[in-house]
Amino acid sequence: MTIDPFATLGLARRYDLDPSEIEQRYRDLQKALHPDKHVAASASLRRIALGKAVEVNEAYRTLRDEQKRAEALLAVLGGAAAASGEREQADPELLMEVMELREALSEAKAARDAALVRKLAGEVLAARTQVHAALAAAFAALPQPAAPSQLVPVAKLVSRLKYYQRFLDEVSTFEESL
Amino acid sequence: MLNAGSVFRFNTMSLMQIHDPSGAARPIGIDLGTTNSLVAYVPLIGEPVCVLDCDVDALVPSVVAYREDGAVVVGKEARRMAADRPEDTIVSVKRFMGRGADDAETRRLGPYRFATSEGPVVKFAVAGERVVTPVEVSAEILRQLKRLAEDALGEVGGAVITVPAYFDDAQRQATKDAGKLAGLDVLRLLNEPTAAALAYGLSSKQNGTFAVYDLGGGTFDVTVLVLDHGVFQVRSTGGDSQLGGDDMDRVLAERILLAMAGGGSRPASASRVRVALDSARAIKHALTERDEVEAEIEVPRASDVVEAQRITFRVTRAEFEAWVKPLVERTGVACRRALRDAGLQASQLDGVILVGGSTRVPCVREYVATLFGREPLTSIDPEQVVAIGAAIQADLLAGQGPSDDVLLLDVLPLSLGVEAMGGVVEKILPRNTAIPASAAQTFTTYADNQTGFSLHVVQGERELAEDCRSLARFTLKGIPPMPAGLARLTVRFDVDADGILKVSAHEETTGVTQEVEVKPSYGLADSEIEQMLLDAYDHAETDVGARSLREARVEADRIAQATQSALATDAALLEAGEGAAIEAALVRLLEATRGNAHRVIHERIEELDHVSKPFAGRRMDRSIARALAGRNLSEVERETAHAQGIERHLGRETDG
């Protein structure tokens, strides 16, 4: 990531951002930047504004999604390397847990057991809420600047979040097909 | 158009006063519907209105009839001709917009003769040995609306044309082409639900989260948006571009055709199908008021039957509702998905806006009320609300609107991606991404010494490219030979504020950079459009040169004014000598507008643009800084106003 989405939206580099604040910043910036606000302007100004509007949209897309926000925060704190290292030597405990969950999900899906799918989704949602809290605490406790070794446990939490999200996406796809 | 005499006799001193509003052409908003189309505008004083025809009717049936003598008839008269000449009368042409000739769905859609052609576009063979594309047919409807507006307004300015939010790139492109072909200056394509929200939002000044449920003749859209002090932010959108009131007519028409056949199984003739569809529509309308309808229907003569027959067709509302129930329930899937994409429960909405003639059907209203757990809003005519919203947007874009504080923030309706190995779609921009948006993805070669790279651009939510809408295919050639996996091919997607996509690709490992712009493979080539435009000009005996000159002058006027006001308000941001250089370029531009060469005007516009570029950059940085500061103070105030807005709005609804 070359652009810091937190800086683009003028927000503090923290995980537990207030969603309404993200929305508000996004709207305020688009009021100044959106192409519709510059229809009568010179071509240069329109180009500059368009580029910035696109950048703000991208930052907004990143920050409003908890998983993407966590990844972006890790990246701006210098944890990109820690995150990719983590991917190579994935936490065996997490892998086991996720594998069991997915197995249960595919069985429930095959049986078209909507109630069971919902129950599994409920469990994952609860687990995800815990990871959110843990991430907020972990990010807040990081010293500035953080050493790569200090980022590793945070990166682990982020990849856990990613696995849960993928599980929930699969549930959504299944629910739509009902 | 602007009166050239009064507008261009100016010097720099009088520049700020040249816009005499009474002399300016009014911008218009067009709802180009599947079944009916409307045109509306915002008068200088008063509320936005739809233009009425001589029967005091705002709806122009979206029907185009082609006669043997070459004449083209649009609207009600064309609809009357449909029964006798079904093959030469194109109804619901919107359903064919941007569709491929080999699209399986295409041939199901009507009793037409499809012309065989090499190109990918559907073409109709009609009377007078003519072959027309859906873009041309739509342009006829737009021309009719333009004429109607000209009768009411004198001259017509730029136009905003609405499209279903769910239209893909091909369909949007085709709509824009039709506007160009009809001689309209298309300011913007606007999503229909956003237009509806604009019509409601501005008239009642409310804040909150709303769903727009739009069931029209041929398309269904649902959109969740947030209204916040003039900002209309689309949170999610979904729908079905092949579902609408026409489908209800078709279900009913099938029953009527069965009754006509009297138990026989002969395939129905085109004229029978047309009569059945027209009767079905009339019966559907009657059933919104009554519980039972009995219709006398004349059965068109088949060649081997001598006298005309009549049948009596009887249907109750309960029967009709049972037949269309599966169609109505299909809308629920999209509604639930849109809510989920917005991250909301139905109970968190502040209101549901109804749009489209088909929402008059009682069982549709009941379904919406159950689905969202509340009574929908209907205070603005659901058939006019989109055109009215489009007119408001046209007014704002043309800079003639009352308020500077309105802004529409829209999203991409369907995911965009490219076909990767194994036919799987690699999504580059997911659906409901805020637009304008850009994204890039890097690919590599998979064979040694591969010098070309094929790209297939698709749009849709399915995992396999073959299940998605194919937008374009192109090959990037000239990659220097190198081992597999070494080339770095970056594919870049740019989606503008209209939701229209541009794709470019380049390869840059060896310093060789190549860029390719994709021409859509589904629509019309630029040369075809150009030819059609030329034909249209010939037809109207318009001088292309005069038009170009007039357009260049309007553009110059616009830029000159913008520059002038920037210099006046932001003089503090100018560097030494910069103001003088910009003013010199401005004077040269104004000189050029007094001449007759549109090319010179364009050159001078570019010159001015070039010298004012750094200044423009500084102004933009300052507005960003301002947007980022100055929050906090007014926050509490805003929250209070927000709550009051909703209360006011709810009070209004219960009163009504």
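In this predicted model, B:Asn432 counts as buried because 21 C-beta neighbours lie inside 10 Å, the threshold for burial being 20 or more. The residue is placed in the loop between S20 and S21 of chain B, and although B:Asn432 is not a glycine, its phi is positive, at about 65°. A second residue of this kind is B:Ser92, which is likewise not a glycine and has a positive phi near 50°. B:Ser92 is found in the loop between strand S7 (89-91) and strand S8 (124-126) of chain B, and with 19 C-beta neighbours inside 10 Å it counts as partly exposed. Most residues other than glycine have a negative phi, and most peptide bonds are trans. The peptide bond that leads from B:Ile435 to B:Pro436, by contrast, is cis, with omega near 5°, and B:Pro436 itself lies in the loop that separates strand S21 (434-435) from strand S22 (437-443) of chain B.

Strand S19 (residues 416-419) and S20(B) run antiparallel and are joined by 4 bridges, including one in which B:Glu419 has B:Val425 as its partner in S20(B).

Chain A, in turn, contains 8 helices and 0 strands. Buried residues account for 33% of the 178 residues in this chain, and its C-alpha atoms fill a box of roughly 60 × 45 × 25 Å along the principal axes. Of the contacts in chain A between residues at least 6 apart in sequence, 68% join residues that are at least 24 apart.

A packing of helices links the two chains, with helix H2 (residues 19-33) of chain A set against helix H14 (residues 598-628) of chain B at an angle of about 155° and with the axes 9 Å apart. Because angles over 145 degrees count as roughly antiparallel, H2(A) is described as roughly antiparallel to H14(B), and the crossing of the two helices is right-handed. In this contact A:Asp28, A:Leu29, A:Lys31 and A:Ala32 of H2(A) meet B:Ser623, B:Ile624, B:Arg626 and B:Ala627 of H14(B), a set that comprises 4 nonpolar, 1 polar and 3 charged residues.

Note on methods:
Residues numbered from 1 in each chain as written. Chains lettered and ligands numbered in written order. Predicted model: local features only at pLDDT ≥ 70, side-chain atom pairs only at ≥ 80, totals over all residues. Buried ≥ 20, exposed ≤ 12 C-beta atoms within 10 Å, placed from the backbone. Contact = placed C-beta atoms within 7 Å. Pairing = 2+ DSSP bridges. Axes fitted to C-alpha atoms, helices over the stretch in contact; angles between N-to-C directions. Parallel < 35°, antiparallel > 145°, perpendicular 65-115°, else oblique. Left-handed = near helix turned anticlockwise from the far one by under 90°. Nonpolar A, V, L, I, M, F, W, Y, C, P; charged D, E, K, R; others polar.
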